[in-house]
Amino acid sequence: MEKLVIDILSDTHNQHDKFKCGGGDILIHAGDFSLRGTEGEAITFMNWFAKQDYGYTVLVVGNHDWCFERQPVLLAEACQERNIILLNDSGVSIEGIKIWGSPVQPFFCNWAFNRDRGPDIKHHWDMIPDDTELLITHGPPAGFLDVVSYVDGTPKERVGCQDLMDKILKTQVKLHVFGHIHEARGIEHLGPTTFINASCLDRMYYPASKRPIRVTREIVQDGSICYLAEE
């Protein structure tokens with residue numbers, strides 16, 4: 001396809017039905033669909049996710065989604081039964097787009113899929129193929145949409161992963177999708193790469209927007225690939 005419509009959600013925390021997904025080619029959720037990570041929450045979410053009007057639904061889970069770490073086979077089978085593409089340090093090709101996804105993020109309060117910074121987490125990023133075009137992780141890279149703020153909105157610190165950012169710079173990634181840091185929702189660019197924090201809830205767990213972030217992938221006249229994002 002010369003043009004695809006991709007809608008992106010993240011960090012809906014059981015409030016997924018508050019967001020209007022208008023339909024398109026690919027719907028992505030970048031993790032934290034739940035609060036407590038129970039199997040019941042997972043089934044409720046997956047039933048909703050699978051019914052959305054898209055050609056493909058792609059899921060990368062997050063640090064709240066405990067059941068996917070504790071019962072990986074059972075939940076992977078539940079996704080497969082609903083034609084949901086689950087990415088867990090794995091990849092898929094959709095309409096010629098090479099996509100890779102991983103739920104891991106730097107250690108944070110001993111939640112699901114936490115890894116220590118350094119060799120422990122770098123091992124996961126080393127798995128990302130260099131020819132990946134679309135990367136989905138739950139956590140952000142260092143320096144992009146990764147600022148945790150105080151309640152009044154004052155910036156506090158950056159918490160993104162430097163090893164992840166180093167890997168992106170060595171690849172052909174054109175679109176990097178993530179969430180995790182609710183108050184850092186937005187769109188930024190560096191060279192050919194577009195970074196999107198698609199967190200749907202703010203830091204107080206209220207909806208930050210009523211719809212996903214929409215991205216249009218186009219092949220332009222010179223044959224290059226362009227991603228245009230809008231909130």
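Trainee: How many aromatic pairs are there here?
Mentor: Two rings pair if their centres lie within 6.5 Å. By this rule, this predicted model has six aromatic pairs.

Trainee: Is the pair of Phe33 and Phe45 stacked or edge-to-face?
Mentor: Look at the angle between the planes. Under 30 degrees counts as stacked, over 60 as edge-to-face. The planes of Phe33 and Phe45 are at 10 degrees, with ring centres 4.8 Å apart, so this pair is stacked.

Trainee: Which parts does that pair tie together?
Mentor: Phe33 lies in the loop between strand S2 (24-29) and helix H1 (39-50), and Phe45 in helix H1, so parts twelve residues apart in sequence are tied together. Both Phe33 and Phe45 are buried.

Trainee: What about the rings of Phe33 and Phe68?
Mentor: Their planes are at 80 degrees and their centres 5.9 Å apart, so Phe33 and Phe68 form an edge-to-face pair. This pair links distant parts of the chain, 35 residues apart: Phe33 is in the loop between S2 and H1, Phe68 in helix H2 (residues 67-70).

Trainee: Why does Phe68 count as buried?
Mentor: Buried means under 20% relative accessible area. Phe68 has 4% relative accessibility, so Phe68 counts as buried. Phe33 is at 0% and also counts as buried.

Trainee: Which residues do ring pairs link into a cluster?
Mentor: Phe33, Phe45, Trp48, Phe49 and Phe68.

Trainee: How many cavities of 30 Å³ or more does a search of the whole structure find?
Mentor: One. The largest cavity has a volume of about 30 Å³. Phe68 returns here: the lining is Val61, Phe68, Leu86, Leu87, Asn88 and Phe113. By class, that lining has five nonpolar residues, one polar and no charged ones.

How values were computed
Residues are numbered from 1 along each chain as its sequence is written. This is a predicted model: local features need pLDDT of at least 70, side-chain atom pairs count only at pLDDT 80 or more; totals for chains, interfaces and linings use all residues. Side-chain values use heavy atoms; hydrogens and water are left out. Helices (H or I, at least four residues) and strands (E, at least two) are DSSP runs, numbered from the N terminus. Buried means under 20% relative accessible area, exposed over 50%, partly exposed in between (1.4 Å probe, protein chains only). On a 1 Å grid over the protein atoms alone, a cavity is a set of points where a 1.4 Å probe fits but cannot get out, and a pocket is an open set with protein on both sides within 12 Å along at least five of seven lines; lining residues have an atom within 4 Å of a point. Grid points are joined across faces, edges and corners, and a volume is the space filled by probe spheres set on the points. Ala, Val, Leu, Ile, Met, Phe, Trp, Tyr, Cys and Pro count as nonpolar, Asp, Glu, Lys and Arg as charged, and the others, Gly among them, as polar.
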